[in-house]
Amino acid sequence: MTNAALVLEDGRVFRGEAYGATGVSLGEVVFSTAMTGYQETLTDPSYHRQIVVQTAPQIGNTGWNDEDDESKKIWVAGYVVRDPARTPSNWRSRRGLDEELANQGVVGISGLDTRTLTRHIREQGAMRAGVFSGSALTDDASMVEQVKTSAQMLGANLAVDVTTDKPYVVEAIGEKKFTVAALDLGIKSNTPRMMAARGIEVHVLPLTSTFEDILAVSPDGVFLSNGPGDPATQDHAVALTQEALGRRLPLFGICFGNQILGRAVGRGTYKMRYGHRGINIPVIDVATGKVAITSQNHGFALEGTPGEEFSSDFGRAVLSHYCPNDGTVEGVRLLDAPAFSVQYHPEAAAGPHDAAPLFDEFVTLMKDAR
């Protein structure tokens, strides 16, 4: 057994055992309420530079397979679990979760009281933290100081770290009906698959792309993906979005993309106290009153009041969705242009399928634009 500690910037220290790689990992400590889908969570680029605490006590039961990764690697900065599985059991499992964490150099900790830790984050807010084990485990004062000098999430430009290096294409399944230019802010693998299943050829483009690069694929629509970091840093993505809106290209954004569209039509953003992370978060559509249970990961949100209508350079817009747990704005819809976005993850990897029809709505927008 190798001792480990999770050290928070407010001086709180939680003791446990090393899980995965040993060493030190620094990031923002956040909690996820998902009971399943840890492989999708760990490989979601939205979690870049975050130390994820699983509120579900038993993690690793189904091991690690070679099919469910949502990107090319594990992106979390560190991992915190209560009771790790000793022996994984699933017909698709190829190795244990702890083995994969070690293989990819992800420093984790197990055996601590995640309920107390989660309550602490809910009361004090998400904050900088570090997981220390092995030779990196030193005296508390030194570890706290190391955490306090680490980078903050506010003002962090992280999408540049996770975006694709070069464009690639996900072919439509069956007959090709539309072409979409997807701006990669941290896209998950299942998102292009969901569009491909609807006859969409998806051109995934780097964040550094110009609007000419977008037009070069002759898109029927533009997609803004999920991603990590502070949306206030994404002036380039906002400018591309405004160009697309000005040309009345059908546009759909999710998660980080929702914040980009919101900024493009004049809304501000702010850092939430502890954010929304998990696959069981309710969202209400203001127009219909319909509730969807959604998959989410965001620590920033758009300013405004749910249902609020406002004017933009592209016509009228409305803050179309909200979370009933805390009133957070969860969607934007333009009333005079073919564009909408939501703060959650309708690609459902992992997560509920309530929001999957949003991809059909995007198809309808492109069909109508023709």
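**Entry 1: the starting point**

I am working with a predicted model, so I keep that in mind throughout. I began with the domains. The assignment gives domain 1 (3-149) and domain 2 (159-369). I looked up the distance between their C-alpha centres, and it comes out at 28 Å. Next I checked how they meet: 25 residues of domain 1 are in contact with 23 residues of domain 2.

**Entry 2: the active site**

Which residues does UniProt list for "active site"? The unreviewed entry lists C255, H345 and E347. They are spread over 93 residues of sequence, yet they cluster in space, with a largest C-alpha distance of 11.0 Å. I also noted that C255 from this set belongs to the lining of the largest cavity.

I then took H345 by itself. H345 sits in the loop between strand 20 (339-342) and helix 10 (357-369). Buried or exposed, I wondered, for H345? H345 counts as buried, because its relative accessibility is 2%. Leaving out residues up to four places away in sequence, H345 touches D44, S46, K188, N226, C255, S295, Q296 and N297.

E347 was next. E347 also lies in the loop between strand 20 and helix 10. The relative accessible area of E347 is 1%, so E347 is buried. With residues up to four places away left out, E347 touches K188, N190, T191, M194, I254 and F359.

**Entry 3: the binding site**

The unreviewed UniProt entry lists S46, G227, G229, F256, Q259, N297, G299 and F300 for "binding site". These residues are spread over 255 residues of sequence, but they cluster in space: the largest C-alpha distance is 13.3 Å. I checked them against the largest cavity, and its lining includes S46, G227, G229, F256, Q259, N297, G299 and F300.

I picked two of them to look at. S46 lies in the loop between helix 1 and strand 4 (50-54). At a relative accessible area of 4%, S46 is buried. Neighbours within four places in sequence aside, S46 is in contact with N226, G227, P228, N297 and H345.

G229 is in the loop between strand 13 (221-224) and helix 8 (235-246). G229 is buried too, with a relative accessible area of 11%. Not counting residues up to four places away, G229 touches M153, A156, L158, F256 and F300.

**Entry 4: helix 9**

How many of the nine residues of helix 9 are buried? Helix 9 (residues 256-264) is mostly covered, with eight of them buried. The buried ones are F256, G257, N258, Q259, I260, L261, G262 and A264. After helix 9 comes G266, whose phi is positive, near 100 degrees.

**Entry 5: the cavities**

Rolling a probe the size of a water molecule over the atoms shows where empty space is left. I searched the whole structure and got three cavities of 30 Å³ or more.

The largest cavity holds about 120 Å³ of space. It is lined by 14 residues, and the closest to its centre are G227, G229, H298, G299 and F300. Helix 9 and strand 16 (291-302) each supply at least two lining residues, and strand 16 gives the most, with four. By class, this lining has five nonpolar, eight polar and one charged residues.

The second largest cavity has about 100 Å³ of space. Of its 15 lining residues, T41, D44, Y47, S295 and Q296 lie nearest its centre. Strand 16 gives the most here as well, with three residues. I sorted this lining into five nonpolar, seven polar and three charged residues. Domain 1 and domain 2 each give at least three residues to it.

**Entry 6: the largest pocket**

What is the volume of the largest pocket? I get about 340 Å³. This pocket is lined by 17 residues, with D285, T288, H321, Y344 and L358 nearest its centre. Strand 15, strand 18 (315-322) and helix 10 each supply at least two lining residues. Nine of the lining residues are nonpolar, three polar and five charged.

Note on methods: Residues are numbered from 1 along each chain as its sequence is written. This is a predicted model: local features need pLDDT of at least 70, side-chain atom pairs count only at pLDDT 80 or more; totals for chains, interfaces and linings use all residues. Side-chain values use heavy atoms; hydrogens and water are left out. UniProt positions are given in the numbering used here, feature names are shortened, and annotations may be inferred rather than shown by experiment. On a 1 Å grid over the protein atoms alone, a cavity is a set of points where a 1.4 Å probe fits but cannot get out, and a pocket is an open set with protein on both sides within 12 Å along at least five of seven lines; lining residues have an atom within 4 Å of a point. Buried means under 20% relative accessible area, exposed over 50%, partly exposed in between (1.4 Å probe, protein chains only). Contact means heavy atoms within 4.5 Å. Grid points are joined across faces, edges and corners, and a volume is the space filled by probe spheres set on the points. Ala, Val, Leu, Ile, Met, Phe, Trp, Tyr, Cys and Pro count as nonpolar, Asp, Glu, Lys and Arg as charged, and the others, Gly among them, as polar. Domain bounds come from an automatic or database domain assignment.
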